[in-house]
Amino acid sequence: MAIFERLAKRNPNYQDRIRVIEGDLEKPNFDLCPESLDYLKEHTNVILHIAATVKFDEEMIKAITINLAGTRTALEIGRQSKNLQSFVYVSTAYSNSYDEHIQERVYPIDYNPEKILANLDDEKLIQDVIKYSLKWPNTYTFTKALAEAMTLEYRQLFPVAIVRPSCVMASLNEPIPGWCDSIYGTNGTFIGWYYGLIRTSHIDPEVTIDTVPVDYVSNAIIAVGWKTYIERAQEPELLVYNCVSSTDNPLTFDERRRECEKACKKHPLLTGIYRPITFASSNEIMFRLYSLVLHYLPAYFMDMALKFRGEKPRLVDTYMKIDKVVATVKKFSNTTYFFDNQNMKDLYLA
């Protein structure tokens, strides 16, 4: 594959150094067989725990099971590893998004993560946790905050750190410019706009949107793993790295939109539904009006045409799914966050 060409030229036998062990985040010990667990404990030097459910409206028990219990399993594998040098937990820059000023520290949680995991069958406790979680925009950010608090408890056992990326975008340089393997989140929004599918957004045009290319995030995670081990003696505390862009290079949604329009004129898409345009509003009523005129009315007519052709109608359903996603992100798309990122700057200079 083209994305591995540089690596293959440098090390033609790189695949010989890769061992894939399949696991399940929802099951105890990732559902690994004893042999796989023993192999990890014997041969693991650095753990980069990235896996999670990123579904914003995930059901609470499932989100806790994957994002919190899964993190504890990874931490326990680290604790039992004979040669562990560092552990990096990848969270999100919005894990404490009830606060518009996000510092590089682990924020306190009113509920003990271990107590939650030990009492998942306690309906009253879970209802209390759900009520408490309403302080966060969704179950994803809440369970990420819980996992950060749990990771903090392991700092006395081995070197640990937390990396918090904001919205991860397609790559800037590596492995090739524009590479991405997901159409979800911000990438999916841009693709939908590029195709003329998404023509209005429930977003404040003047809000600052924070995005980071995936290759920058990947490089940061690896570098944090290295730095956490190298500086383990002089830095016993857990360091948090806000991997963000808006602190030093702030761009509003409207500024991004204009830049995207320039790119579309330079690289027009020949198979899109409409010419890419965006009518953005932070006002719920105006957004609904735009959505009705620009999304749903054309979609109904197009679905009728598909029915007459004997094809399955799909556009109205697509817009209903898009609106469901919009509802889960409106907190972020209408709030400007201010991130501290001194630890990231220090990492760059290390």
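Predicted model: local features only at pLDDT ≥ 70, side-chain atom pairs only at ≥ 80, totals over all residues.

Reader: OK, the largest nonpolar core: which residues touch the most other members?

Author: Those are L68, F87, I109, F142 and F158, out of 34 residues in that core. A nonpolar core here is a set of buried Ala, Val, Leu, Ile, Met, Phe, Trp, Tyr and Cys residues joined through side-chain atoms within 4.5 Å. Buried means under 20% relative accessible area, exposed over 50%, and partly exposed in between, with a 1.4 Å probe and protein chains only.

Reader: And which element gives the most to this core?

Author: α3 does, with 7 residues. The elements giving two or more residues are α3 (60-80), β2 (86-90), α4 (113-118), α5 (123-133), α6 (139-152) and β4 (160-165). Helices (H or I, at least four residues) and strands (E, at least two) are DSSP runs, numbered from the N terminus.

Reader: What is L68 in contact with?

Author: Leaving aside neighbours within four places in sequence, L68 is in contact with A63, P113, L117, L146, A147 and M150. Contact means heavy atoms within 4.5 Å. Another core, of 14 residues, lies apart from the largest one, and its members include A161, V163, I221 and L347.

Reader: Switching to α7: which of its residues are buried?

Author: In α7 (residues 185-194), the buried ones are N187, G188, G192, W193 and Y194. They pack against β5 (167-169) and α9 (253-266). After α7 comes G196, with a positive phi near 80°.

Reader: How many cavities of 30 Å³ or more does a search of the whole structure find?

Author: The search finds 1, and the largest cavity holds about 40 Å³ of space. On a 1 Å grid over the protein atoms alone, a cavity is a set of points where a 1.4 Å probe fits but cannot get out, while a pocket is an open set with protein on both sides within 12 Å along at least five of seven lines; lining residues have an atom within 4 Å of a point. Grid points are joined across faces, edges and corners, and a volume is the space filled by probe spheres set on the points.

Reader: What lines the largest cavity?

Author: Its lining is L197, I273, Y274, L294, H295, P298, A299, M302, L315 and Y319. α10 (284-308) supplies the largest share, 5 residues.

Reader: And the second largest pocket, how much space is there?

Author: About 580 Å³. It has 13 lining residues, and I3, F4, L7, E174 and P175 are the closest to its centre. The largest share of the lining, 5 residues, comes from α8.

Reader: Where does UniProt place the "Fatty acyl-CoA reductase C-terminal" domain?

Author: The unreviewed UniProt entry places that domain at residues 294-348. UniProt positions are given in the numbering used here, feature names are shortened, and annotations may be inferred rather than shown by experiment. The span is 75% helix and 4% strand, and its end C-alpha atoms lie 44 Å apart.

Reader: Last one: is P268 buried or exposed?

Author: P268 is exposed, with a relative accessible area of 54%. P268 is found in the loop between α9 and β9 (279-281).

Notes: Residues numbered from 1 in each chain as written. Heavy atoms only, no water.
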